[in-house]
Amino acid sequence: MSLNNAKHWLQKINDLQLPEKIKIMNVCGGHERTISNAGIRSLLPENIELIPGPGCPVCICPEEDIFLAIQLALNEDVILIAFGDMLQVPVNVSKKEVRTLEQARANGADVRPIASPREAISIANDNSDKKIIFFAAGFETTTSPVAAMIAEGLPENLFILLSGRLTWPAVAMLLESDEPGFDALVAPGHVSTVMGPEEWQFVIEQHHIPTAIAGFEAESMLAALYSVLRQKLDGHLFLDNCYQEVVHDGGNKTAQRYLNETMDVTDNNWRGIGIIPKSGFSLSKQYAAHDARLVFKDYSDDSRRRIGEMPAGCDCAKVVLGKIYPDQCRLYGTACQPETPIGPCMVSDEGACHIWWNTAPRKSKTKKTKSSRLVESI
Amino acid sequence: MSNNITISHGNGGKHMRHLIEDVFAKHLTNDLLNTDSDAALLPLKNQQLMTTVDGFTVQPIIFPGGDIGSLCIHGTVNDLAVSGAIPEFITLGVIIEEGLALDTLDKVVKSMAEAAKEAGVKIVCGDTKVVPRGQGSEVYFTTTGIGYKSSVVDYSTKLIKPGDKILISGSIGDHGAAIMLAREQFGLSGSLKSDSANVISFCQSVYELEGVRFMRDPTRGGIASVLHEFNQATGYGIQMNEADAPIHDEVITICDMLGYEPYYLANEGRVVAVVEAGIAEQVLSIWKKLPNGEKASIIGDITDQHQQVVLQTELGGERIMHELSDTPLPRIC
């Protein structure tokens with residue numbers, strides 16, 4: 001029984017004698033959702049802090065890429081397709097201009113949300129007289145099926161606007177900074193499935209931070225939390241795999257081969273963070289004919305690339321880096337809500353602000369309940 | 001006659017007469033339905049009338065466990081039943097898209113007739129229009145439901161008090177999940193069926209009980225939206241217990257895969273009731289004995305300890321259930 005197992009891990013965590021505050025970061029929107037949906041924060045000892053870190057590909061997708069997608073959709077005779085989350089992310093232009101792909105659609109552009117990369121192929125085949133641009137933002141988990149699709153051969157009329165990112169370089173960047181802001185790491189489950197758990201070994205070996213890979217059930221998450229706490233207490237660090245059902249040594253070799261064959265790893269911009277070395281994917285030269293950045297190169301505008309830019313007043317950059325909790329942003333729950341998102345973290349299902357808004361107690365209305373401790377502890 | 005609906009089926013002439021006679025009148029015939037008359041005469045009783053209006057645009061129009069024909073009856077009579085009325089009459093507006101297969105239309109109208117018979121309602125008048133291909137989506141139904149109000153019932157959210165219990169008559173989220181399964185875009189398959197059904201027996205079984213405060217059918221927006229309605233109408237907090245929520249494993253799996261929560265998925269054959277704590281077990285036991293009632297459950301409480309809609313998770317933690325703001329799955333009913 002996974003519920004019983006989850007309760008077992010919870011009890012074991014509560015039985016630990018933790019001498020001091022410990023901050024545990026997760027770097028996956030799915031993990032943050034698991035924690036929030038199960039109400040795990042309200043069940044842990046007060047000196048354990050769970051911090052959502054850089055785990056949302058929509059949140060860190062550079063503003064200039066979204067701007068480019070909007071311009072292509074508006075000005076070219078194309079069908080622009082993107083994962084649904086991307087449609088509502090605003091760019092930094094005045095309110096009179098088109099700020100999101102959704103608004104571009106309302107202005108007559110043919111913008112279509114998709115749920116699976118394979119839909120790009122069927123849309124391209126069904127509309128062979130049109131150019132299709134697939135705005136593919138995502139981490140390794142969504143980029144690898146795009147790579148597979150490219151390797152298997154794209155329809156002539158399908159172009160990829162790739163905004164793929166690797167997860168671990170952002171964690172490395174945090175760990176190499178003066179203030180990483182966390183004492184233990186819950187490593188992402190699906191990314192490890194694709195790239196292999198070994199990618200996270202550096203966190204232990206180079207930075208001496210307890211690390212465990214978790215899945216997406218409360219049981220697996222609590223097992224991982226217990227693991228990193230024990231590692232911290234015992235001083236015996238090892239990369240613990242608490243998602244053995246699908247995370248195997250070496251990862252998914254086929255997916256990695258597709259990524260290697262079709263894409264290069266390049267230095268890329270992260271919205272609100274800046275350029276992180278070797279943190280993104282670009283299409284290999286041999287696929288230049290399908291690279292929307294090259295085919296529509298007149299639209300590229302390097303002047304838009306401003307490091308660290310988020311909308312005015314929005315603290316998404318700090319939220320993404322785990323420097324503050326979502327509800328510490330001035331706009332959270334006031335100007336910025338899921339219906340009227342200002343920053344990308346309030347748009348995406350993977351964004352910490354969106355997840356918190358959907359699950360965490362509201363400060364203003366909360367009377368003294370058990371869960372209000374979460375708010376007070378911040 | 002063509003095997004598909006053409007514009008001429010809506011032209012008021014011979015084709016339309018055939019359509020009405022061969023499809024609608026054939027299945028829906030009853031003593032009050034007179035296709036030669038523009039208005040129906042309804043028998044008057046010495047009781048107050050209740051009326052409701054509803055529109056049906058579900059896609060796909062045929063889904064596991066039902067279709068738009070039966071759904072339009074269930075949706076209409078359920079709105080009356082939870083309000084304390086015995087459903088009697090339905091008026092039917094039909095908008096058909098050119099190109100719809102006549103066989104398909106026949107199938108959903110037949111299913112509508114069966115659902116009406118089961119619910120004890122008569123379709124008393126109707127109207128048919130055909131719109132050009134591309135301007136509709138196969139077929140839309142609009143209904144008006146009319147029923148006589150049960151004299152013993154006077155439900156209102158104003159009666160709800162802290163300490164009251166919240167019950168649901170069956171499993172949560174089946175209709176929304178079944179629609180997702182039926183939509184090809186998700187590439188999913190499974191044996192799950194929509195819960196689409198009339199809830200008349202569930203409602204009538206408790207009309208005579210003292211202490212039933214309010215009932216609602218948790219359709220669009222799911223159980224979470226109904227709980228938010230209670231919260232907003234009363235100002236009291238809602239405490240729902242995840243461990244007591246009856247949810248099929250398949251629904252949980254689909255939600256996990258697609259990033260939804262069962263509490264926000266539509267139900268089309270369920271009732272949520274708020275009742276005085278003292279009769280909660282009695283209502284539960286009545287409901288459990290009814291067909292489709294075996295999964296009925298007491299799922300939460302009205303509380304004055306806080307003012308939010310709070311979910312007590314299976315693990316024992318607490319979190320809020322947010323008010324639905326986006327529309328992840330349009331056209332479910």
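A salt bridge is a side-chain nitrogen of Lys or Arg within 4 Å of a carboxyl oxygen of Asp or Glu, and between chain A and chain B the count is 0 salt bridges. This is a predicted model, in which local features need pLDDT of at least 70 and side-chain atom pairs count only at pLDDT 80 or more, while totals for chains, interfaces and linings use all residues. Residues are numbered from 1 along each chain as its sequence is written, chains are lettered from A in the order in which they are written, and side-chain values use heavy atoms, with hydrogens and water left out.

Chain A and chain B bury about 2000 Å² between them, with 53% of it on carbon and sulfur atoms; buried area is the accessible area (1.4 Å probe) that two parts lose on being put together, summed over both. The interface also holds 5 residue pairs in polar contact, both residues at pLDDT 80 or more, a polar contact being a pair of N or O atoms within 3.5 Å, of which, within protein, one must be able to donate a hydrogen and the other to accept it, and residues adjacent in sequence count only if both atoms are side-chain atoms.

| Chain | Residues in the contact (heavy atoms within 4.5 Å) |
|---|---|
| Chain A | 29 residues |
| Chain B | 20 residues |

Away from these totals, helix 4 of chain B (residues 174-182) is mostly covered, as 8 of its 9 residues are buried, that is, under 20% relative accessible area (1.4 Å probe, protein chains only). Helices are DSSP runs of H or I with at least four residues, and strands are runs of E with at least two, numbered from the N terminus. The buried residues of helix 4 of chain B, among them H175(B) and M180(B), pack against strand 2 (62-63), helix 2 (68-82) and helix 7 (249-258) of chain B.

How values were computed: Buried means under 20% relative accessible area, exposed over 50%, partly exposed in between (1.4 Å probe, protein chains only).
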